[in-house]
Amino acid sequence: MQRKAYVPGIAALLAALLAGCTGGSGSNSRAADPKPGDVSVNTPAAQPGKYRTLPEACAAVSHDSLDSLLPGIKQITDQDQRDTAYEGHATLTYDTDRRVGCGWKVESTDATDHLGVDFERVVSYDNTVSDDSRAEDIYATEETAANLPEASASATPSDTASATGSATATPSATPSTSASSTPSASSTSSASTSADPSQTPADLQPRKLSGLGDEAFLDDKLNSGSSTAQQRTVTVVFRTSNVIVRIEYAEQPTASTGTPDSEEMQDKARNLAQKLVDRLND
């Protein structure tokens, strides 16, 4: 009796199946279409900021500027002590690529002056948000916290001119050398009061500044503190690209009846801010 040929039939079936798999592989080799709203496929990453490094904070302020802002330095007779006063004290930070600061405190026969500068390089870790945009958000938060008077929402004519005064010179930031002093636009807001609008000319009130970096503002507060002498603190904060710079300049007269001059201190702080803008752009 003749045996049926099952083997050839099975071989044909396997061949057909293999052919079907091979024919289908072409459609599967194509990349799947991106889902609607999938920004990871076609959207380019946001641009990095202009600045990749920060200056050395304690060396960012020239001796001439320090002589103007801190008159007591020139009254120091010992050369070693004077050199130490010029050096300042670096602010403790944990990433000098992202944030650096320096502070100075000098006494003179007329007053005690404090100066603090702070540089912050903003980096966005979101590929859809640029470093500049992130810096804008941080700056806007600080400006809002400063609670500038409504009348100062637009820059006054005096703000459009660069700070002048060869005898006055002086950028975020934290003017103190202690770890508790951090550069903040509102660091003294809880214990001090802004200049009284009824007694302060409009061009000296806390306000936005034009012509200084990409955006800037100035705050001016008078605080009686723990003594009868009134301490004035002028803060200038400005942003240029992805770097935010904060300057805090404070003065407390030796005489209990003394009051620091607002215009003079503002001129010095703005002059320093302009010099720091120029330094960043060198």
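This is a predicted model: local features need pLDDT of at least 70, side-chain atom pairs count only at pLDDT 80 or more; totals for chains, interfaces and linings use all residues.
Where in the chain is proline 206 found? Proline 206 sits in the loop between strand E4 (193-194) and strand E5 (207-209).

1. Ground rules. Numbering runs from 1 along each chain as its sequence is written, and side-chain values use heavy atoms, with hydrogens and water left out.

2. Overall make-up. You'll find seven helices and eight strands in the chain. Both are DSSP runs numbered from the N terminus (helices are H or I with at least four residues, strands are E with at least two). Of the 282 residues, 41% count as buried. Buried here is under 20% relative accessible area, exposed is over 50%, and partly exposed is in between (1.4 Å probe, protein chains only). The chain exposes about 15,700 Å², and carbon and sulfur atoms supply 51% of that area. Accessible areas come from the Shrake-Rupley method with a 1.4 Å probe, and for residues only the protein chains shown count as cover.

3. Proline 206. Back to the loop between E4 and E5: proline 206 is buried there, with a relative accessible area of 1%.

4. The disulfide. A search of the whole structure turns up one disulfide, taken as a pair of cysteine sulfur atoms within 2.5 Å. Cysteine 58 and cysteine 102 are the pair, with S to S at 2.0 Å. The link is right-handed, with 95° about the S-S bond. Cysteine 58 lies in the loop between helix H2 (39-42) and helix H3 (63-69), while cysteine 102 lies in strand E2 (residues 99-107), so the bond ties together parts that are 44 residues apart in sequence. Cysteine 58 counts as buried at 14% relative accessibility, and cysteine 102 is buried too, at 0%.

5. Salt bridges. The structure holds 12 of them, each being a side-chain nitrogen of Lys or Arg within 4 Å of a carboxyl oxygen of Asp or Glu. One of its bridges goes to arginine 99, with the closest N and O atoms 3.1 Å apart. Since aspartate 118 is in strand E3 (residues 111-121) and arginine 99 in strand E2, the pair ties together parts that are 19 residues apart in sequence. Aspartate 118 counts as buried at 2% relative accessibility, whereas arginine 99 is partly exposed at 27%.

6. Arginine 246 is buried, with a relative accessible area of 2%. Glutamate 142 forms a salt bridge with arginine 246 as well, its closest N and O atoms being 2.5 Å apart. Both glutamate 142 and arginine 246 are buried. Through shared partners, salt bridges join Arg99, Asp118, Glu120, Glu142 and Arg246 into one network.

7. A negative patch. On the surface, Asp78, Asp80, Asp83 and Glu87 gather in a patch of negative charge. Patch members have over 30% relative accessible area and no salt bridge; like charges are joined within 9 Å, and nonpolar side chains (Val, Leu, Ile, Met, Phe, Trp, Tyr) within 5 Å. Lys and Arg count as positive and Asp and Glu as negative, with His and the chain ends not counted. The place of a charge is NZ of Lys, CZ of Arg, CG of Asp or CD of Glu. Among the members, aspartate 83 lies in helix H4 (residues 79-87) and counts as partly exposed at 32% relative accessibility.

8. Backbone angles to check. Most residues other than glycine have a negative phi. Asparagine 147 has a positive phi, near 55°. Its place is in the loop between helix H5 (131-146) and helix H6 (157-160), and asparagine 147 counts as exposed at 62% relative accessibility. Serine 241 also has a positive phi, near 55°. Serine 241 is in the loop between strand E7 (231-240) and strand E8 (243-253), and counts as buried at 8%.
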